[in-house]
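Please look over the sequence and the 3D structure below. The text that follows walks through them step by step.

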Amino acid sequence: MSATDDYDEIDDSSAPLIEHLAELRTRLIHSVIAFIIGMVICFTVWNPIFNFLTEPLCSAMAERGQEDCGLILIKLQEGFFVAISISLLGGLVLGFPFISYQLWRFVAPGLYKNEKGAFLPFLISSPVMFFLGAAFAFYVVTPLAFDFFLGFQQAGTLVGGPDGENGIAAIAFQGSAQEYLSLTIKFIVAFGLCFQLPVLLTLMGKAGLVSSEGLANVRKYAVVAILVLAALVTPPDVITQVILFVVVYGLYEISIFLVRRVETKRNEKLREEGYFDDEDEEDLL
């Protein structure tokens, strides 16, 4: 083979790569545009979104008889950064369906039909599970956490009361808008990611990377890991930590069940095609 033939072969093999990179660039540009559009939309309505996010705090303060649940701006530019933070999160939420569609359009041509059937349900279930986790964090966890934090307040008394006792310093909540938003987003994102556990482990089980038996065998290590996770992403409140532990451990057990179902269906398909028989199944057991 001549040098010219070698050059032509290299040139032909590089053409598909260039086409894939060009398509990837196009998909990324479209995704960024969708994200920016969502961000601009959320920036125009950031105030109602912020009011919605402060509802757990206001409810917790109202239960304690505190009518004013206002937050303060410690820095001059803090209000602007609160609006930007809400816009970034909202832009990602609004743009995610289109972004995931662009990801699917880029990946799908390189997949076989059975691989498309396996990958598409996970692409759909992932955002669904994230929103379930986010809703659980917002409606269940944050009210408990904020009630715990507000419990450290105390009413003050004047110096030299009726009995001449010394005064007690008041401890009142005057929260920063940016700090509150950061804490709320941390809860939402943390629980949203935790709810991805069944999706991730089931996908890994479908790919043959994990097995239900292996997940069951490392259950005790998973318990320790979940306890550490609960301590890291929740406030030092036993109730909140127990809730997170119970939920994530429950998701882990659900993951074992889903992986076992995937393995059962795979074995049935192999048995139908003649690649797997009962003797092989007994050996595996």
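**A walk through the helices**

After helix 7 comes G208, with a positive phi near 85°. Helix 7 covers residues 197–206. Its buried residues are P198, V199, L201, T202 and G205. Buried stands for under 20% relative accessible area, exposed for over 50%, and partly exposed for what lies in between (1.4 Å probe, protein chains only).

This is a predicted model, in which local features need pLDDT of at least 70, side-chain atom pairs count only at pLDDT 80 or more, and totals for chains, interfaces and linings use all residues. Residues are numbered from 1 along each chain as its sequence is written, and side-chain values use heavy atoms, with hydrogens and water left out.

Now the overall plan. The protein chain has eleven helices and zero strands. Read from the N terminus, its elements run α-α-α-α-α-α-α-α-α-α-α. Helices (H or I, at least four residues) and strands (E, at least two) are DSSP runs, numbered from the N terminus. The chain holds 285 residues, and 28% of them are buried.

Helix 6 takes up residues 177–194. How far apart are its end C-alpha atoms? They are 26 Å apart, which agrees with the 26 Å that its 18 residues should span at 1.5 Å a residue. The expected span is 1.5 Å times one less than the number of residues. In helix 6, the buried residues are A177, Y180, L181, T184, F187, I188, A190, F191, G192 and C194.

Next, the charged pairs. How many salt bridges does the structure hold? There are two. A salt bridge is a side-chain nitrogen of Lys or Arg within 4 Å of a carboxyl oxygen of Asp or Glu. One joins the side chains of E23 and R27, at 3.5 Å from N to O. Both residues belong to helix 1 (residues 3–44). They are four residues apart, so about one helical turn separates them. An α-helix has 3.6 residues a turn, so residues three or four places apart point the same way. E23 is partly exposed, because its relative accessibility is 26%. R27 is buried, with a relative accessible area of 16%.

The other bridge joins the side chains of R219 and E253, at 2.6 Å from N to O. R219 lies in helix 9 (residues 219–233) and E253 in helix 10, so this pair ties together parts that are 34 residues apart in sequence. R219 is partly exposed at 28% relative accessibility. E253 is partly exposed too, with a relative accessible area of 27%.

Patches are made of residues with over 30% relative accessible area and no salt bridge; like charges are joined within 9 Å, and nonpolar side chains (Val, Leu, Ile, Met, Phe, Trp, Tyr) within 5 Å. R261 is found in helix 10. It counts as partly exposed, because its relative accessibility is 40%.

A nonpolar surface patch is made by I29, I33, I37, I41 and L94. Together they have about 450 Å² of accessible area. Such areas come from the Shrake-Rupley method with a 1.4 Å probe; for residues, only the protein chains shown count as cover. Helix 1 gives the most to the nonpolar patch, with four residues. L94 lies in helix 4. With a relative accessible area of 48%, L94 is partly exposed.

Last come pairs set apart along the chain. F81 lies in helix 4. At 39% relative accessibility, F81 is partly exposed. F81 and Q178 are 97 residues apart along the chain, yet 7.5 Å separates their C-alpha atoms.

E263 sits in helix 10. Is E263 buried or exposed? It counts as buried, at 16% relative accessibility. From E263 to S212 there are 51 residues in sequence and 8.0 Å in space, C-alpha to C-alpha.

D68 is in the loop between helix 3 (55–63) and helix 4 (78–107). D68 is exposed, with a relative accessible area of 63%. D68 and C58 are ten residues apart in sequence and 8.0 Å apart in space, C-alpha to C-alpha.
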